[in-house]
Amino acid sequence: MNFCCSAVLAFKDYPHTPTTANRTCLEARPDVGGRNKLRQALSIARLLLPIGLATATEAVDDDTMVTTRYSASALHFDLPNGAANRKSASPRKRKSDVNPSIESSKRQKMRETDITRWRCLDEKGRLTWHYLENDEAAAEWPQSDADKWYLGLDLGMPELPKPEKPLDAVRNGLTFFEKLQLPSGEWGCEYGGPMFLMPGVVFAWYVTKTPIPWYKATEIKNYLRARANPDDGGWGLHIEGESTVFGTSLNYTVLRLIGVDADEPFMIKARATLHKLGGAVRGPHWAKFWLSVLGVCKWDIVNPVPPEVWLLPDWVPIAPWRWWIHMRQVFLSMSYTWSKKWTCEETDVIRALRQELFVEPWESIDWVGNRNNIAEIDNYHPKSWLLNTANWFLVNIWNPYLRAEAIVEKAEAWVSKLVDMEDENTDFADLAPVNAAMNTVVCYIRDGPGSYTVRRHVERLEDALWVNKDGMLCNGTNGVQNWDTAFAIQAVMEAGLAEDPRWRPMLTKALGFLDDQQIREDCKDAEVCYRSRRKGAWGFSNKVQGYAVCDCVAEGVRSVILLQSTPGYPKRLDDQRIFDAIDTLLTYQNSSGACSSYEPTRGGEWMEALNAAEVFGKIMVEYEYVECSTAVITALSLFSQHWPDYRTDEIKRIKTGVLAFIKRSQYPHGGWYGSWAICFTYATMFALESLASVGETYENSSYAKKGCDFLIARQREDGGWSESYRSCERDEYTEHPSGSQVVMTAWAVIALIRADYPDIEPIKRGIKLIMDRQQPNGEWLQEAIEGVFNKSCMISYPNYKFTFTMKALGMFAKKYPNETVV
Ligand code: LAN
């Protein structure tokens with residue numbers, strides 16, 4: 001059995017776990033670009049891009065090519081200018097190539113893009129992908145190492161000397177990782193996982209009649225094929241999950257809208273799965289919403305999303321400003337479109353979808369009766385009796401009898417204003433692609449085709465798209481730039497390598513990026529649109545998105561302080577800018593003591609009873625997070641070492657509050673639940689860091705001891721740790737069936753070293769696993785998915801396999817300088 005097959009078998013329960021087994025190598029390409037040359041190439045490429053787009057527009061058929069339910073027409077894109085010759089010289093294997101269940105004889109019907117023509121453009125941390133159809137443009141703008149790495153192409157990196165000590169492994173890791181640094185100084189990455197994001201983008205394109213170039217349609221199709229469940233052909237909530245109505249109905253619709261024929265075998269298979277699950281009437285609220293926008297469902301099937309809720313006075317306990325920011329922003333634009341009951345133009349493909357997505361004939365569907373019908377597999381968070389009662393009242397009393405025109409107008413106007421403020425504060429990038437797609441639809445309904453707001457939205461949706469070896473996907477945010485860059489800096493610092501001149505240029509560039517990306521101003525009219533202080537903050541991705549996140553501020557300021565206090569680095573941020581960051585950080589403490597993500601908690605946990613999304617848990621309000629709270633106090637501890645007199649009392653208070661929270665949130669088994677990555681291993685690392693920051697370690701703290709014992713008890717035979725995303729869903733530690741994972745092993749090792757675990761042996765075994773998994777070129781390969789949000793949805797952090805592994809190795813090297821391990 002070859003490795004590809006065994007990888008597929010090993011991940012049977014987790015069918016879409018990416019493996020690198022199917023990466024193939026292209027010839028090494030000479031690196032032609034100097035900085036100026038690159039800049040020149042970028043401007044030529046920018047000039048030439050519209051040409052590519054125009055060709056593409058002509059090449060893409062609209063929905064008229066799919067006329068009947070099972071028409072034989074497939075996605076026949078015309079091949080402009082000899083494109084048939086432009087395939088990559090070496091065949092690029094995609095996941096679908098090793099996946100017999102989705103291999104199709106029809107595959108050759110689909111035109112391939114030439115993988116060597118994709119480029120990721122970095123404009124001060126705004127990352128967008130471009131396909132260079134024109135030979136000259138492609139020659140002028142060569143693929144960078146980072147591009148190649150994102151696309152699964154070989155970088156042609158030489159084998160490095162075999163590491164003798166953990167620090168050698170860090171050096172090798174850095175040698176590779178340095179190649180991936182982008183021109184603005186940050187690291188980029190795919191940020192996929194959720195399978196409900198691309199549908200929003202494609203639906204926004206479709207309803208606004210935005211042409212979809214052939215190369216995008218091709219790569220979206222490739223990606224969805226690669227991510228279809230190998231057993232049943234459907235799609236889940238996220239790439240590792242089982243097929244759901246949510247994932248399958250929306251992604252099937254995406255494929256149809258981009259021109260894929262209903263008759264393709266993989267479409268037939270997906271449809272059969274959807275029908276087995278009961279058809280699209282059994283989708284969750286968000287699926288019903290989108291399908292109604294498209295006119296595939298009727299609006300009667302959607303539970304109410306009344307914009308009137310936005311008219312509630314601020315003191316009302318359920319007023320939307322109190323909700324978790326993602327929920328309120330989604331609710332905001334959704335409520336406008338729901339209120340208008342707006343539906344896009346009816347087309348042949350929409351008519352066809354009405355026949356394809358349901359088990360029963362479309363004309364006989366009881367839309368009202370299916371409002372609360374949801375497939376078990378989708379129903380992660382069933383609606384509460386409170387929400388069901390509220391929905392009943394809205395549908396049967398409020399809407400028909402009490403919803404006066406004047407109230408509706410007022411509510412829609414206020415919601416529309418808030419949408420504008422969100423767009424203005426983010427230059428249309430918006431909080432995340434979910435609300436960006438929905439805001440696009442709002443602007444289209446309100447401002448019409450061709451309006452500036454729609455055009456700018458469409459441009460901005462690009463920021464969340466990504467291309468990897470499997471195809472085109474939509475990222476969870478417009479990137480992970482600040483976050484990954486901060487961790488990269490900290491990994492080198494932990495290893496004690498920052499003063500080594502070899503890494504100075506890389507770190508100086510990274511510092512420059514953080515300098516550039518610090519948010520310098522609060523939002524315009526912040527109180528009106530319920531935004532918090534953000535001056536001096538960093539967001540998760542970049543400055544233009546502009547949402548301060550508690551732990552992103554913490555990791556950002558920590559990295560800046562660390563580097564700026566190391567000899568040989570410029571002082572890019574003066575003291576006042578550091579104080580600005582600290583002032584923002586200090587706004588995050590809740591009355592209970594601990595910290596949340598974007599804002600301090602504004603509403604009670606009981607509001608979860610109004611969670612209408614069904615597919616996610618813990619979504620309605622801000623909670624307190626071990627991860628965010630730890631990041632805050634470790635950053636503040638470092639800050640106080642440098643500026644001991646600044647806001648001393650408040651810093652002391654926040655530290656005390658966080659510590660009490662860490663202690664009371666420890667599980668009886670000794671671990672902590674992680675909300676933003678998987679799961680107990682991740683949060684236990686943070687909790688032990690918190691304890692260590694005040695000197696509580698294995699020897700003197702029962703909490704730290706229990707935390708270490710928890711980890712030690714879960715170490716595997718081979719020295720690694722392996723936690724599955726099921727832990728997040730089930731709230732109990734669950735192993736990943738594919739065996740030890742380097743990222744989790746690194747988290748556990750970091751935790752044990754921080755807590756000063758007395759026995760070096762288990763730590764050494766973990767370190768050995770990390771070193772054994774390192775490739776001869778210094779790289780680590782992708783394993784199972786690392787991140788999570790809202791308990792049920794997983795998300796990838798591809799750079800963690802560099803940043804946390806190197807941090808673990810570096811910390812080990814510092815603590816045990818004479819240990820060789822191998
Ligand atoms: C993220 C990504 C980063 C993450 C950390 C900084 C790691 C965390 O410590 C705090 C929370 C935060 C900022 C976070 C919040 C929720 C996000 C934005 C995401 C997980 C990325 C995608 C997700 C977002 C909610 C996806 C859209 C889905 C909805 C349910 C609206």
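Here is a walk through this model, from its overall build to the ligand, the salt bridges and a few local details.

First, some housekeeping: this is a predicted model, in which local features need pLDDT of at least 70, side-chain atom pairs count only at pLDDT 80 or more, and totals for chains, interfaces and linings use all residues. Residues are numbered from 1 along each chain as its sequence is written, and side-chain values use heavy atoms, with hydrogens and water left out.

Let's start with the whole thing. The protein has 28 helices and 6 strands; helices here are DSSP runs of H or I with at least four residues, strands are runs of E with at least two, and both are numbered from the N terminus. Of its 822 residues, 66% are buried. Buried means under 20% relative accessible area, exposed means over 50%, and partly exposed is what falls in between, with a 1.4 Å probe and protein chains only. Look at the contacts (heavy atoms within 4.5 Å) with a separation of 6 or more, and 75% of them come from residues 24 or more positions apart.

Now for the ligand. It has 24 residues around it, and the closest are Tyr191, His326, Phe540, Asp551 and Trp676; a residue is near a molecule if one of its heavy atoms lies within 4 Å of it. The protein covers 100% of the 630 Å² of accessible area that the ligand has on its own. Zoom in on Asp551 and you'll find an N or O atom of its side chain 2.2 Å from an oxygen atom of the ligand.

Side chains of opposite charge can pair when their charged atoms come close. The structure holds 48 salt bridges. One of them joins Arg572 and Asp515, at 2.8 Å from N to O. That pair ties together distant parts of the chain, 57 residues apart: Arg572 sits in the loop between helix 19 (550–564) and helix 20 (575–585), and Asp515 in helix 18 (residues 504–517). Arg572 is partly exposed at 38% relative accessibility, whereas Asp515 is buried at 13%.

Asp575 pairs with Lys571, again with the closest N and O atoms 2.8 Å apart. Here Asp575 is partly exposed at 29% and Lys571 is exposed at 55%. Further along, Glu819 and Lys764 form a salt bridge with their closest N and O atoms 3.0 Å apart. This one also links distant parts of the chain, with Glu819 in the segment after helix 28 (800–815) and Lys764 in helix 27 (residues 760–773), 55 residues apart. Glu819 is partly exposed, at 24%.

A couple of loops deserve a look at their backbone. Most residues other than glycine have a negative phi, and most peptide bonds are trans. Lys209, though not a glycine, has a positive phi of about 55°. It lies in the loop between helix 6 (197–207) and helix 7 (214–227), and is exposed at 52%. Tyr530 also has a positive phi, near 65°, in the loop between helix 18 and helix 19, but Tyr530 is buried at 13%.

Last, the surface. Trp392, Phe393, Tyr401 and Leu402 make up a nonpolar patch with about 480 Å² of accessible area together. Patches are made of residues with over 30% relative accessible area and no salt bridge, with like charges joined within 9 Å and nonpolar side chains (Val, Leu, Ile, Met, Phe, Trp, Tyr) within 5 Å. Trp392 lies in helix 13 (residues 385–402) and is partly exposed at 49%.

Methods
Areas by Shrake-Rupley, 256 points an atom, 1.4 Å probe, with all protein chains shown as cover. Salt bridge = Lys/Arg side-chain N within 4 Å of Asp/Glu carboxyl O. Polar contact = N/O pair within 3.5 Å; in protein donor to acceptor, adjacent residues only side chain to side chain.
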